[in-house]
Amino acid sequence: MSLTSHSSTFLLPNLPTDDGPALTYALVILNQSLPKFTPLLWKHAKVHICADGGANRVFDELPGMFPHEEASEIRKRYKPYAIKGDMDSIRTDVLDYYRGLGTMIIDESQDQDTTDLNKCVTYIRDSLNPEHPNLCILVTGALGGRFDHEMGNINVICCFPSMRIILLSDDSLIQLLPSKHHHKIHIHSSVEGPHCGLIPIGMVAGRTSTTGLQWNLDNTEMRFGGLVSTSNIVKENIVTVQSDSDLLWTISIKKD
């Protein structure tokens, strides 16, 4: 079984150049409050896409992160490449503003069966993935707010198990660990941890083993209604995970 490495280097001020094959980052912004580190993610990303009302957040909130600069200059600097979704939450003034700057507007209002995040991930997969095989999609605004929205966003990462997709908030991140790989997670203790969790999703995880945690699992069964590894603690710089079922990995993000 192949080994897949994971690292939250996108939370670091500068991406390391000696950390294996470089990932290409795409940033998707959903319609929830922007994390404080959004400008850092934007800097690391090659493409920036707003999901519908996520454009309101970029327009309204990013200028506040640069209080000593003109809001108009910040809005021009942080111009999304595309706005995609069913267009039911973006304000008309915001839509007109970014259209005037040349942002691509992709109206998917005819599709009411998939979420705006699903639409954005599909677009990135179909247009960027062949060109950038080491693609990682960072998603802000995916956690917090309505619980059904959170679960819908978690469902999206389960719908695309072969893609690296990381859901982010100010407090934590979530990503899928597919069972067809063994996983090696590099911990950057300056920006993340120590609290973490491994959560079975959709089915019983019959056998899961880990290293690097305060409470390691040893061929342990996890299920809802039984044991779920929440409120665990990272104890080493590398955590390893292998399981017979897909798991969600989550780790806390440190405050400044």
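**Exercise 1: The surroundings of Trp249**

Task: In this predicted model, find which residues Trp249 touches, leaving out those up to four places away in sequence.

Solution: Start at Trp249 and look for residues with heavy atoms within 4.5 Å. Trp249 meets Leu173, Ile174, Gln175, Leu177, Ile185 and Ile187, and also Cys196, Gly197, Leu198, Leu213, Val234 and Val239.

**Exercise 2: A pocket and its lining**

Task: Describe the second largest pocket by its volume and its lining.

Solution: Begin with the space, which is about 410 Å³. Then turn to the 20 lining residues, of which Asn31, Thr115, Asp116, His149 and Asn153 are the closest to the pocket's centre. Now sort the lining by type: 4 residues are nonpolar, 10 polar and 6 charged. Last, ask which helices take part: H5 (116-127) and H6 (147-159) each give at least two residues, and H6 provides the largest share, 5 residues.

**Exercise 3: An annotated stretch**

Task: Work out how much helix and strand residues 183-247 contain.

Solution: First, the label: an unreviewed UniProt entry records "domain: Thiamin pyrophosphokinase thiamin-binding" at residues 183-247. Then read the chain there: it is 0% helix and 54% strand, and its end C-alpha atoms lie 11 Å apart.

Note on methods:
Residues numbered from 1 in each chain as written. Predicted model: local features only at pLDDT ≥ 70, side-chain atom pairs only at ≥ 80, totals over all residues. Heavy atoms only, no water. 1 Å grid on protein atoms, 1.4 Å probe; cavity = no way out; pocket = protein on both sides within 12 Å on 5 of 7 lines; lining within 4 Å. Points joined across faces, edges and corners; volume = space filled by probe spheres on them. Helix = DSSP H or I, 4+ residues; strand = E, 2+ residues; numbered from the N terminus. Nonpolar A, V, L, I, M, F, W, Y, C, P; charged D, E, K, R; others polar. UniProt positions renumbered as here; feature names shortened; annotations may be inferred.
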